[in-house]
Amino acid sequence: MKKVLITGASGDVGTRLRKLMKGVYPEIRISDIKKPADLRADEDFVQAELSNMAEVEKAVAGIDGIVHLGGFSVEGPWETILNSNIVGCYNLFEAARKAGVKRVIFATSNHAVGFYPRRRKIGTDEPVRPDSRYGVSKAFGEALGAMYAYKHGLSVTCLRIGNVADSPIDLRRLSIWLHPEDLVQLIRIGLEHPDIRNEIFYGASDNQRAWWDNETAFRFGYRPKHKAEDFREPALAAQAKLAADPVGDWYQGGTFCSNEFDADAGKLAQF
Ligand code: 15L
């Protein structure tokens, strides 16, 4: 990997990654719809709107590997999700194929499987159960990645990210937290491991309360360094201040499940 592109570089996760990945690869280009507020003079920045193919092609030119964080990162109106996450994700993979990019790391989300109950432990081979239009767009990106891997030979790693933060901020995040340094480890496996064709890893640290079986990532050498339980007390204290949410507290996706939830949607899924 000589030249790596990070999309979504102005967002919270992108801003952290720019710092953590500095010097890891010989050249890093960053891209976003808006210029990072703290852009340094030595950074290679290409402004690109993901729904504009010509702009995406410029960002991708000459790149060996892409970390695709770009897009809309929470639930939003359909038009927004459609342009940023469906059209935008297609443009990214298609531009990558045309430019001969070798590897793509796609930042998918736990919300692709948010409607599994917390009582269940799931691997990466269960059918998706998106909890939002956003979650559907992430499931779409995972499917798109599989097509580009098997049809066009791209090496694709989908990271179903939980919640990236310095520490877990509530009960739910004790199960899904991902320390930024562990995220970097997962990205590096995706960009460097010789045997990656099309894989899905959970983006989670060493969380005792995990709802996810991350065996696939472990098989590729992932050894998370950070433990959510080290922050148990502040996370539980923060949780105690939150109102009960019968639907969101039942399902893995939390409020993404309870938002817009129909009262007559049927019983909560047991499995
Ligand atoms: C996500 O996918 C979002 O990008 C992030 O902002 C959090 O909401 C996270 O999921 C979460 O589930 O906590």
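## Largest pocket

The lining of the largest pocket holds 16 nonpolar, 16 polar and seven charged residues. Here Ala, Val, Leu, Ile, Met, Phe, Trp, Tyr, Cys and Pro count as nonpolar, Asp, Glu, Lys and Arg as charged, and the others, Gly among them, as polar. This is a predicted model: local features need pLDDT of at least 70, side-chain atom pairs pLDDT 80 or more, while totals for chains, interfaces and linings use all residues. Residues are numbered from 1 along each chain, and side-chain values use heavy atoms, without hydrogens or water.

The largest pocket contains about 840 Å³ of space. Val-13, Leu-69, Gly-71, Phe-72 and Ser-73 are the closest to its centre, out of 39 lining residues. On a 1 Å grid over the protein atoms alone, a pocket is an open set of points where a 1.4 Å probe fits, with protein on both sides within 12 Å along at least five of seven lines; lining residues have an atom within 4 Å of a point.

## Second largest pocket

The second largest pocket has about 250 Å³ of space. Its lining divides into four nonpolar, one polar and eight charged residues. Lys-22, Ile-28, Arg-40, Asp-42 and Glu-43 lie nearest its centre.

## Nonpolar cores

The largest nonpolar core has 27 residues. Such a core joins buried (under 20% relative accessible area, 1.4 Å probe, protein chains only) Ala, Val, Leu, Ile, Met, Phe, Trp, Tyr and Cys residues through side-chain atoms within 4.5 Å. Leu-17, Val-67 and Leu-191 are among those with the most contacts inside this core. Another core, of 24 residues, lies apart from it and includes Leu-92 and Tyr-148.

Methods:
Grid points are joined across faces, edges and corners, and a volume is the space filled by probe spheres set on the points. Buried means under 20% relative accessible area, exposed over 50%, partly exposed in between (1.4 Å probe, protein chains only).
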